Amino acid sequence: MTKKAIIIGAGVAGPIMALQLKKIGYEAELFESRSAEDIHEGAFIGITPNGLNVMKEFVDLESLKSDFTPGSISFYNNSGKQIAELQTDYQRSLYGCETLQIKRSNLNIKAREAAVKHGVIINYGKKFKSINQSEDKVSATFEDGSAATGDILIACDGMFSAVRSFLFQDSKLLRYTKLISTGGFARVQELSAPTSEIQMHFCERGFFAYAVSDRGEVWWFNNYYREVEPNRTELQHSLREEIRSHLLEIHKNDNPIFSTIIKNTGDIIAYPVYDLPSLPHWYKGRVCLIGDAAHGISPHLGQGASLALEDTLVLSHCLGTEKTIESAFRQFQDQRRPRVEKTIKTAQKVGNTKSKINPVAAWFRDRLIGFFIKKQIQQLDWLYGWKLGK
Ligand SMILES: Cc1cc2nc3c(=O)[nH]c(=O)nc-3n(C[C@H](O)[C@H](O)[C@H](O)COP(=O)(O)OP(=O)(O)OC[C@H]3O[C@@H](n4cnc5c(N)ncnc54)[C@H](O)[C@@H]3O)c2cc1C
C-alpha cells in the first residue's frame, strides 16, 4: 500500500520535500497556515549552488532568472573606493550554476508550482495545532478543526515551528542575535541599469548594500544592531519607522544615493534575526523536522533556503534506503547535524562582524579584506560543493 506523508508548511522546503517523497513512492499532502495569496511577505534571499543543484531537478533554474540580482559582491570603503571583490562566476565551472538573489516569494511560488504540476495537493489556511501518534499512524489537527492522517509527518514550518514547540516545548532554544535584518525594494531614477554585482559599502557608521535587479529595481539590505529584542507590536508598527530614521541618520554623511534609496522604499522589511544553534532531537516517533524548523540559521551566509533544500534530498534518500522510519530519521539527523551546525556557526561569525563598528577593526578590514576573500573562495567549497553522500 502507498505510504502517506503529511507535510506541515509550504515554504521553500515543504513543496520540494513532497516532490522528493513522490520519487520514492510516497503520497504527500501539504498543509500551509497562510492563504494561497498571502505569499508576498519577505525580502530577497540568496540561493547558492548547493541549494540550486537540489532545486534544478524540479525547477528550471533559468526561470529563476527573471527578477533577480546576481550573487557577486564588490566591497567599497568609506571613501567609495573598491577594496575587494567576491565574484561568483567561478562557481559555474565548479558546480554547474551560480549564486542568485531572488525574492523569497518567487522562490516559494516556483517550488509550489513544481509540486502542484506533479499532482501534490497544497491545503491553505491550515494552521497546525497538535499531533497524535499511534503504533502505525500519525495524525495532525489544525486550528480550523480539521485533521489529516498519514504514515509520517514532516515539519517544514520554519524558524518558529509550531510542530517543534508541540513536540519538544522548546521556547528557550531560539536565540535572538541582537540584529534586525532590514531591506526593501525601491525605484530610483539614477539607478535603473541592472548591476552585475551587489555593492557592499562600509560606511562611517554601518554598512549599506544594494544591487539593481534585471528589472531595474533597487534591492537593498542592511543589518541594524538592537540590543533589546523587539516585541510583536513594535515589529508591526513602530520598528519600521524607527529603522528608516535610524538608517537616514547613520548614512547622512555618506553617498547621498543611500538616503535616496531609503526614502524611495515603500515598506521597509524588518525582522529580528534568530538562530537555532543545536536542537537535541530532530524527530520523535513518526514526526521529523527539517529546514529552519530543525536548524534555524541567521541570514548572513545566505544558507537558510539552501540547507533546507539539501535536507529534502537527504531525508528522502534515508526513507528510501533504511528499513524503518525510526532508523531513517536517525540517519537523517546524524548525517545532517555536523554540516548544519558548522554552517550555523560560520553564519554567526559573519553576523558578529556586523554587530558593532570599531575604527581599528575597520582599518584592518579595509586592508585585509581582499586577501580574506580570496581565501574564502577556497574555503567555501565545503559549502557550495555539497552532494548527497559527500
Ligand atoms: C514570511 C517569511 C518571510 C521571510 N523572509 C526572509 C527574508 O526576507 N530573507 C531571508 O533570508 N529569509 C527569509 N525567510 C526565511 C527563509 O525563507 C527560510 O530560511 C528558508 O526558506 C528555509 O525554508 P523552510 O522551508 O525551512 O522555512 P520557510 O520557507 O520559512 O517555510 C515555513 C512555512 O511554514 C508555514 N507555517 C508556519 N507556521 C505554520 C503552522 N503553524 N502551520 C502550518 N504552516 C505553518 C509558513 O507560513 C511558511 O510557508 C522568510 C520566511 C518567511 C516564512
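**A hairpin and its surroundings**

Mentor: Let's start at the turn: in the hairpin of β5 and β6, five residues lie between the strands, and Gly 80 there has a positive phi near 85°. Before going on, note that this model is predicted, so local features need pLDDT of at least 70, side-chain atom pairs count only at pLDDT 80 or more, and totals for chains, interfaces and linings use all residues. Numbering starts from 1 along each chain as its sequence is written.

Strands here are DSSP runs (E, at least two residues), as helices are (H or I, at least four), numbered from the N terminus; two strands pair if DSSP finds at least two bridges between them.

Now for another sheet: β3-β7-β4 is the order of three strands in an open, antiparallel sheet. β3 (44-47) and β4 (68-70) are at the edges with a single partner strand each, so one side of each has no neighbour in the sheet. From one strand to the next the twist averages 25° (axes are lines fitted to C-alpha atoms, for helices over the stretch in contact, with angles from 0 to 180 degrees between N-to-C directions). β4 and β7 (residues 100-103) share three bridges, antiparallel, and Pro 70 sits opposite Leu 100 in β7. Helix α4 (residues 104-117) packs on this sheet, touching β3 and β7, with its direction at about 85° to that of β7; contact means C-beta atoms, placed from the backbone, within 7 Å.

How values were computed. Contact = placed C-beta atoms within 7 Å.
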